[in-house]
Amino acid sequence: MYVSCATPRSFSGYTSGLNVNIFENDKEMLLEAALPGRKREELTLEVSEKVLTIKVPGISVEREGFQLEYSEHSRGDLERSFKLGPNLDTTKIQARFENGLLLISIPKQPEAQSRKVEIG
């Protein structure tokens, strides 16, 4: 089972501010991205030829009466792509956005799910 970056980013290296956690069980892969201060209608998810792309527009960190001295928040547009394995069913991807957390569920193909095999 795999989900890998389809862009020049890697899980162990550079990311452009769009960090994700990836979870897996027998039935699905779950991608989780924290996007504080964003709104659901600003986010875009696209799937094309087994590549899932998350797009998030930049936000302003300006505060009236203050000058920004230091920031660890990404201000520009964010985009992250993931190459999806052939065992994942891209036609049944579901996503929800609650309290600044984007959750993307990608079910596994039924034949890719684990099962117990009886020994005869």
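Q: Which residue is the bridge partner of Leu 45 in strand 5?
A: That's Ile 54. Keep in mind that this is a predicted model.

Q: And how many bridges join strand 4 to strand 5?
A: Five, with strand 4 covering residues 44–48 and strand 5 covering residues 51–56. The two run antiparallel.

Q: OK, and on to strand 6: how many bridges join it to strand 5?
A: Six, and again the strands run antiparallel. Strand 6 spans residues 78–84. As an example of the pairing, Thr 53 has Ser 81 in strand 6 as its bridge partner.

Q: Let's zoom out. How many helices and strands are there in the protein?
A: Zero helices and eight strands. So if you read the elements from the N terminus on, you get β-β-β-β-β-β-β-β.

Q: What order do the strands take in the four-stranded open sheet?
A: The order is 2-3-8-7, with antiparallel pairing. Strand 2 (20–24) and strand 7 (94–98) are the edge strands, each pairing on one side only. From one strand to the next, the twist averages 15°.

Q: How many bridges are there between strand 3 and strand 8?
A: Seven, in the antiparallel sense. Strand 3 is residues 28–34 and strand 8 is residues 101–107. Within that pair, Ala 33 stands opposite Leu 102 of strand 8.

Q: Changing topic: where is Lys 108?
A: In the segment after strand 8.

Q: Is Lys 108 buried or exposed?
A: Buried, because its relative accessible area is 6%, and the cut-off for buried is under 20%.

Q: What does the Lys 108 side chain reach?
A: The backbone oxygen of Asn 25, at 2.7 Å.

Q: Now the whole protein. What share of the residues is buried?
A: Buried residues are 32% of the 120 residues.

Q: Last one: of the contacts with a separation of 6 or more, what share comes from residues 24 or more positions apart?
A: Those account for 58%.

Notes: Residues numbered from 1 in each chain as written. Predicted model: local features only at pLDDT ≥ 70, side-chain atom pairs only at ≥ 80, totals over all residues. Heavy atoms only, no water. Pairing = 2+ DSSP bridges. Axes fitted to C-alpha atoms, helices over the stretch in contact; angles between N-to-C directions. Buried < 20%, exposed > 50% of the residue type's maximum accessible area, 1.4 Å probe, protein only. Contact = heavy atoms within 4.5 Å. Polar contact = N/O pair within 3.5 Å; in protein donor to acceptor, adjacent residues only side chain to side chain.
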